[in-house]
Amino acid sequence: MLATRNLSSPTSLLLKRGFITGASLLGLVALLILGSIPAAWLDRPQDLPPVPVAKSYVLDNVHTLDVEHGKLNRHQQLTIRAGRITAIQPAGAAADPALTVIDGAGRYVTPGLTDMHVHLYDRKDLLLNLAYGVTSVRNLRGLPMHLRWRQELRQQQWLGANLYTASPVLDGPRYAHALQQVVRSPDHGRALVKRYKAMGYDLIKAYGYLPDDILQAVLAEAKASNIPVAKHGPFQFSDLPVQALAGLQSLEHVEDIFQGPLNYQFDQALLRTAIEQLRQIDPVITPTLATFNQLTEISDKKLAYVETLPLARFNRFFRELNELYVINRWLDAKREQADWNIKERDFLFTIVRELDSAGIRLLVGSDAGTLYLTAGLATHEEMQLLQQAGLSPARVIQAATINAARAMGIDANNGSIAVGKIADLVLSSHSPLEDVTGLQTPSAVIKQGHWLAEADLERLKKSGENPSHWYPSLGRLLEDILSRLLH
């Protein structure tokens, strides 16, 4: 039987005893537990892969994907030095004799993929993303550990996907839970934005339930502090006009469009009106189809579906939290609820297709870390669902590459294949312009110029099956909660 029914698990016992809800008791428990944990358990894993020695080389006889125009540049040669693309020539062109030439054997080269909506709970998530060609991720629930991991990656202490991380999630006092930062007033919201900017977070994450006055204060301070904001989509609990959301880095979840502007109605005319309103602010939207698709599959097929998933790759502590607070709800869902989920999922596909047809920029964001969505694979599930919803492969790949780079303001160095850009690349055996599914099994990944062959990618996946121990994961959550209790 799965851990979803294991009510004597460590997480279950702690939560049943009020572990996460008793703020005053939490500090004492944290000190007792952290004081009893061997120091070695709190260190980072010993099997994190080192960054390979930097090499320069020529990658010859490949077809490169022009993501801007959705076309292939056939029979190309790339020169890569010091982690960047320094030359693009026709295949077979004379190369520097001092450089090793790698025969690309007619494979297809795509810019490294970016998942713009993940929840990271383990360093190994960054290995798994890289193993599947996801060279960058945007983490949308920041904890202090993420700042440390980002620093370790920048110092090349170990090999993983690039990490961009949002602040702790800002939420209103009515709906916030233990993983969110409660914002008590507009002044409090402004202070938190300043604090998270000073701490070094890359953006502010605002939840959909923030009261209007607090949201306006947060957005105003973020603009003044020059830090971007990502927010859940327009919600039915707000009286603000859509123009108040102009300039956000992104709006998250098409599910929130269905629940907000459409008020749970399967109404095409109302959808067209909502999209026309959204077009006024030229938004960037992250659909996150994968997470709704998975809750639908769980509610419909129950344990028969869950047992097909690679659960060993999920951090056990946070997996148990998901099981207790989210997954069990869908395992216990009635047939009527499952049927509703199927109908809503199909309509979310319609929303995505209509957004794309209206020229609204989309991003690839899987919501990995929620439910049982595992790093790397979840990104490809999201891309395949976008294709299933009606987007062309070229549009899906744009959402996973150049759109993401532009949304984060890093397109001068990332998001496409061009001379001078960082060499974050994915090699695949089949044209991604015919079907994005082939990108799920890359034949090689290049990370800042470092060549990772299939055997290297398999080692990353194998390491990903050994996430952090339960207790250091608990310690990291306690660190986050205690740091937020003081603010």
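Which residue is the bridge partner of V109 in strand 14? I found that V109 is partnered by L427.

Before going on, I noted that this is a predicted model, in which local features need pLDDT of at least 70, side-chain atom pairs count only at pLDDT 80 or more, and totals for chains, interfaces and linings use all residues. Residues are numbered from 1 along each chain as its sequence is written, and side-chain values use heavy atoms, with hydrogens and water left out.

**The sheet**

I stayed with the strands (DSSP runs of E, at least two residues, numbered from the N terminus, as are the helices, which are runs of H or I of at least four residues). Two strands count as paired if DSSP finds at least two bridges between them. Strand 4 (residues 100–111) pairs with strand 14 (residues 425–428) in the antiparallel sense, over four bridges. Strand 4 also pairs with strand 1 (residues 57–66), here in the parallel sense over seven bridges, and Y57 stands opposite T100.

I then wrote down the whole order, 3-2-1-4-14-15-16, for an open sheet of seven strands with mixed pairing. Strand 3 (84–90) and strand 16 (450–453) are the edges; each has a single partner strand, so one side of each lacks a neighbour in the sheet. Neighbouring strands are turned by 35 degrees against each other on average, direction ignored. At the strand 16 end, I saw strand 15 (residues 444–447) pair with strand 16 in the antiparallel sense over four bridges, with V445 opposite L452.

**Helices 6 and 7**

Next I looked at how helix 6 (residues 186–199) packs on helix 7 (residues 212–225): the angle is about 35 degrees and the axes are 8 Å apart. Axes here are lines fitted to C-alpha atoms over the stretch in contact, and angles run from 0 to 180 degrees between N-to-C directions. For contact I used heavy atoms within 4.5 Å. Helix 6 contributes P186, G189, R190, V193, K194 and K197, and helix 7 contributes D213, I214, A217, V218, E221, A222 and S225.

Buried or exposed: which are the residues of helix 4 (residues 124–131)? I counted eight of its eight residues as buried, with buried meaning under 20% relative accessible area, exposed over 50% and partly exposed in between (1.4 Å probe, protein chains only). Just after helix 4, G133 has a positive phi of about 80 degrees.

Helix 10 (residues 289–301) is largely enclosed by the rest of the structure, because eleven of its 13 residues are buried. Among the buried ones I listed A290, F292, N293 and I298. The buried residues of helix 10 pack against helix 8 (255–259), helix 11 (303–306), helix 12 (316–331), helix 13 (335–357) and helix 14 (377–389). K302 follows helix 10 and has a positive phi, near 60 degrees.

Last, I looked up E381, which sits in helix 14. E381 is partly exposed, with a relative accessible area of 21%. Leaving aside neighbours within four places in sequence, E381 is in contact with A290, N293 and L373. I also noted S366, 15 residues away along the chain, with its C-alpha atom 7.5 Å from that of E381.

Methods: The expected span of a helix is 1.5 Å times one less than its number of residues.
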